[in-house]
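Colleague: Could you put the model up and talk me through it?
Modeller: Here it comes; ask away.

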Amino acid sequence: MKRKVLVVAHGHPDFSKGGAEIAAYTLFQELNRRDDCEAWLLAANGIAGLQHTGTPFSARPREREMLFAGGTDYFLFSANNLSHLTQDFAELLRHIQPDVVHFHHYAVVGIEMLRVVRNTLPNAVIMLTLHEFLAICNRNGQMLKSNGSLCRNAEADPAECHACMPGRSPQDYFLRRQYIRSFFALVDQFVAPSQFLKERYVTWGLPSDRISVVENGQPSRAADIAAVDVDSARGHRFAFFGQITPYKGVDVLLQAFSQLSKAEQKRARLDIFGGGQDMFEKDFQERIEQQLESAHRNVRYRGRYVPEDFGRLVASTDWVIVPSVWWENSPLVIQEARQYGRPVICGDIGGMAEKVRHEIDGLHFQAGSASALAETMQRCLHEPDLWVRLQRGIEPPPSIEATAEELTRLYARSHHRA
Amino acid sequence: MPSAGVVPCCIDAAVSLADGLWIVGWVLAADIKSTMVTAGPTRGDADLIVRYWRQDVADHFGIQRGNRPLLGFVVRVPVHGLPPKSAIELQFQTSESPATAKAELADPAQTDFANGLRAQWPLIGPALIRAHDPVGLMPLLRLMATPIGDRFGKFQFFVEPAISTGNDGLLVNGWEVDPDRELRHLYLSCSRTGRVLGDLATHWARTPRADVSERHVGTLTAGQDPGFIAWLPCSGTSDNGVTDHLYALAVLKDGRIARQDIKPSPALGPLASVQHVLRLFTESQPRLGDILESHVGPAIDAIWRHRTPSEPRLARQDFGSAPAAPDITVIVPLYGRYDFMRHQLAVFADDPAMERVELIYVIDDPNITTPALQLAEELSGLFRLPFSVISYNENLGFAGANNVAARIARGRVLILLNSDVMPVKPGWAPALAEQLASLPEAGIVGTTLLYEDGSLQHAGLQLRRLARWAGLPVNIHPGKGLSYVSTGQSRQVSGVTAACMTIHRKLYQELGGLDEGFILGDFEDSDMCFRASAKGHKIYCADVPMYHLERQSQSLAGDSWKHKVTLYNCWRHSKRLPANAVTSK
């Protein structure tokens with residue numbers, strides 16, 4: 001008897017290529033490859049034109065892949081249309097009769113879905129993978145204060161939240177925490193891709209034993225992994241991959257490069273891959289543009305890329321730099337860099353510091369500090385054996401097969417308990 | 001000198017007014033024994049006669065003052081309904097011979113007549129108002145009045161439209177500037193019925209009016225408040241049209257009379273009337289105590305008492321099937337923010353004890369009925385906890401909403417709960433009911449309420465006199481804002497808030513529920529506690545902590561009339577307190 005797993009996501013990668021959407025979809029595919037599982041996918045989508053009248057559901061042209069007309073507010077993550085959940089989604093649950101409903105998000109789909117599962121299928125296992133700090137922090141789940149400093153208010157203390165974002169009252173933040181907790185209480189098992197994320201949620205109020213740390217594994221790309229020439233003495237080619245947002249610290253990186261000596265800048269190279277800056281305030285865009293313009297000619301902005309191109313692009317670099325000024329959870333780019341054997345230089349905080357082992361397979365620097373990053377880059381340029389040593393320390397990232405295996409064990413264990 | 005047997009007598013003017021026939025003239029007789037008027041078949045004796053000095057007559061007859069004083073007369077004869085131009089004959093019996101005079105009635109609408117009389121008025125007026133209560137002379141005084149304007153020198157006044165306080169009084173406000181203290185009376189009268197409703201000058205409390213003070217900066221002496229507010233208790237004030245035909249008549253000491261026609265009162269519902277009244281004073285003004293006690297307080301009392309009795313059309317919707325024989329009924333009124341229902345149900349849903357509790361939401365705000373009912377239906381499908389929603393077509397206030405629900409409640413124990421109160425732990429409802437059952441002679445049990453930051457919000461009420469509110473007792477929350485330390489103990493207190501109040505349903509009914517005379521919800525909880533205490537019940541505050549997101553359900557910012565509603569409620573509450581309620585502290 002195959003275990004039926006319904007994977008619920010807040011988006012479908014056909015329409016939205018966020019890390020969590022990809023992780024959910026990858027898991028859905030992998031579970032179906034296994035012979036002990038039958039996986040279904042329900043992915044929210046906000047594209048009104050895709051929706052049919054009289055039903056929140058529509059389909060992708062593949063088996064057991066469905067879309068759901070989601071929509072929530074961004075404070076409580078409460079569904080705009082509760083009857084889509086209490087009636088239509090409940091009907092779907094009765095139709096599929098899943099043994100496990102594995103949520104990869106609650107935004108867009110509606111946090112009340114958790115209770116609808118519990119109401120409709122009292123014996124089903126409810127899993128929820130936590131992708132960031134959205135339940136804790138209403139500032140896009142960044143836990144970065146509005147003055148740019150790092151937030152350690154993992155309890156989501158209403159007074160501190162109000163002081164950071166005065167648009168809502170402390171009472172509103174109290175109610176938000178109470179409301180979200182009331183639904184999280186129905187979850188049998190949480191999955192956190194990093195120990196750091198888990199600890200934050202334990203501080204917030206989840207029982208430690210209900211959160212398992214399981215990394216979102218990557219599909220293997222054996223063919224892509226060209227042999228890395230470890231013998232050549234390299235170490236001067238730096239690269240940034242990712243969204244260019246105020247949280248990702250590209251400005252810190254550009255500043256660090258400019259602090260290198262003339263001779264060092266001449267020897268080094270920095271490639272910036274990514275886009276998305278146009279989604280942010282003009283101020284930020286202009287700052288980045290200005291920095292790029294005044295940068296040394298060895299700094300090159302290479303524009304957007306698609307995940308499939310990562311292997312080809314990373315082949316011409318030595319170091320992948322993750323200069324994020326926020327905590328990060330488990331950045332995809334670190335796993336990708338590991339997959340392609342590139343040591344990572346990252347900030348010394350949160351999920352990124354956890355995923356990169358300082359002096360073993362990468363280097364940490366004081367997060368947010370351009371001069372600290374510059375010093376680290378100088379080491380890379382001047383220490384002859386550094387790159388080779390760290391490159392040798394890299395272990396391949398967890399595979400999706402391993403992740404699916406571990407999650408299946410959790411499904412079984414939780415089912416047993418339920 | 002007239003010959004014996006014929007006393008010279010002359011009528012200068014005669015007119016028929018609402019209160020009878022008024023005749024002005026002169027007679028060469030010092031003492032008049034009786035006065036009779038004949039008009040065709042009608043006869044009548046004078047009910048009023050006033051004599052005054054007529055220099056013109058004295059000059060004509062060569063009479064020295066003191067010799068035959070007071071030649072002039074004003075008489076009134078209660079003969080009614082004579083048309084203008086009717087012939088009348090006046091007959092005086094004097095100690096000497098009778099005197100007679102004939103005349104034709106003037107038309108009071110003719111200005112000639114009024115002007116003629118007005119020319120004499122400086123002599124007649126002072127004599128008349130010295131000898132008689134002006135209230136009895138209104139028709140004549142009104143005829144002799146001059147519209148207020150600049151003709152009265154420094155004396156000026158203005159009366160704003162009056163507010164009818166139910167059917168038993170009027171609340172009047174305005175201003176009056178009288179640096180030389182000329183005013184004797186300021187009557188409020190109805191021109192349609194002729195009724196004099198009262199003398200504002202003997203009733204009013206003076207209030208600051210910065211705008212008037214500014215305009216009369218030269219004439220007003222410092223410390224004189226030109227504004228006034230006066231509640232005139234009098235019946236029939238909601239009779240058709242009374243407040244549409246009001247005029248004010250200022251009677252000055254020198255007999256001059258100033259008249260102002262008052263604009264018709266705006267048609268206001270009870271709440272708007274209350275709001276209007278509350279705008280007439282400020283919390284910080286002098287004589288606040290008197291204004292509350294003698295004017296604003298009784299006026300609002302009357303407005304609220306006389307509002308059309310509510311016959312709310314109740315609608316009840318049951319979501320899920322309520323428990324069969326609930327021990328406890330939880331009553332939650334909703335006003336404004338109905339989304340609190342979502343937050344409460346999210347917490348109640350996972351409290352197993354709530355399955356045995358009857359939960360009633362009362363929508364006390366017609367503006368939110370439709371969306372609140374829709375949300376209730378959606379939330380019911382989600383949370384699956386049975387509850388009922390009562391809605392109706394008006395806003396009954398906090399007391400009314402609870403009373404409506406209490407009448408249909410089935411629980412032996414009622415828990416009144418604000419929508420912004422959230423339990424800290426499951427099992428809170430039976431825990432409170434258990435305290436009510438087990439504490440000695442417990443009639444009402446409140447509980448520890450916490451702010452969202454965990455500090456104490458309420459652990460019982462205590463009355464304390466507030467100096468800036470004219471020494472009225474207000475309820476304070478001892479320990480408010482301090483860190484909360486759980487004791488697990490219940491304490492006897494003098495009162496508890498109805499934000500979370502547990503009471504035997506039987507006692508609630510015996511007490512007649514919460515008093516709906518408090519406006520918009522305030523003090524009725526304390527009032528109920530004192531009423532329960534008076535019947536020998538004890539009040540306790542339990543330590544079953546609940547969060548109270550206080551004042552989230554009402555927006556108070558910048559809403560000063562709501563502050564004054566509280567002040568009124570505070571005054572009303574103080575009138576109902578037992579003598580020993582406020583401990584000196």
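Colleague: Which order do the strands of the open sheet in chain A have?
Modeller: In this predicted model, the six strands of that open sheet run β11-β10-β9-β12-β13-β14 in chain A, with parallel pairing; strands are DSSP runs (E, at least two residues) and helices are runs of H or I of at least four residues, both numbered from the N terminus, and two strands pair if DSSP finds at least two bridges between them.

Colleague: And which are the edge strands?
Modeller: β11 (299-303) and β14 (362-365) of chain A are the edge strands, each pairing on one side only. Strand β10 (residues 269-273) of chain A pairs with β11(A) in the parallel sense over four bridges, and there Leu270(A) stands opposite Val299(A) in β11(A).

Colleague: Before I go on, how are residues and chains labelled?
Modeller: Residues are numbered from 1 along each chain as its sequence is written, while chains are lettered from A and ligands numbered from 1 in the order in which they are written. Since the model is predicted, local features need pLDDT of at least 70 and side-chain atom pairs count only at pLDDT 80 or more, whereas totals for chains, interfaces and linings use all residues.

Colleague: What domains does chain A have?
Modeller: The assignment gives domain 1 (3-217 + 399-417) and domain 2 (237-393), with bounds that come from an automatic or database domain assignment. The C-alpha centres of the two domains of chain A lie 30 Å apart.

Colleague: How many residues of domain 1 are in contact with domain 2 in chain A?
Modeller: 14 residues of domain 1 are in contact with eleven residues of domain 2, where contact asks that the C-beta atoms, placed from the backbone, lie within 7 Å. On the domain 1 side, helix α6 (residues 195-204) of chain A gives the largest share, three residues.

Colleague: Switching to the two chains, how many residues of chain B are in contact with chain A?
Modeller: 13 residues of chain B are in contact with 17 residues of chain A, and α8 (340-348) and α9 (369-383) of chain B each supply at least two residues of the chain B side.

Colleague: What is Ile331(B) in contact with?
Modeller: Leaving aside neighbours within four places in sequence, the contacts of Ile331(B) include Ile360(B), Val362(B), Asn402(B), Ala405(B) and Leu417(B).
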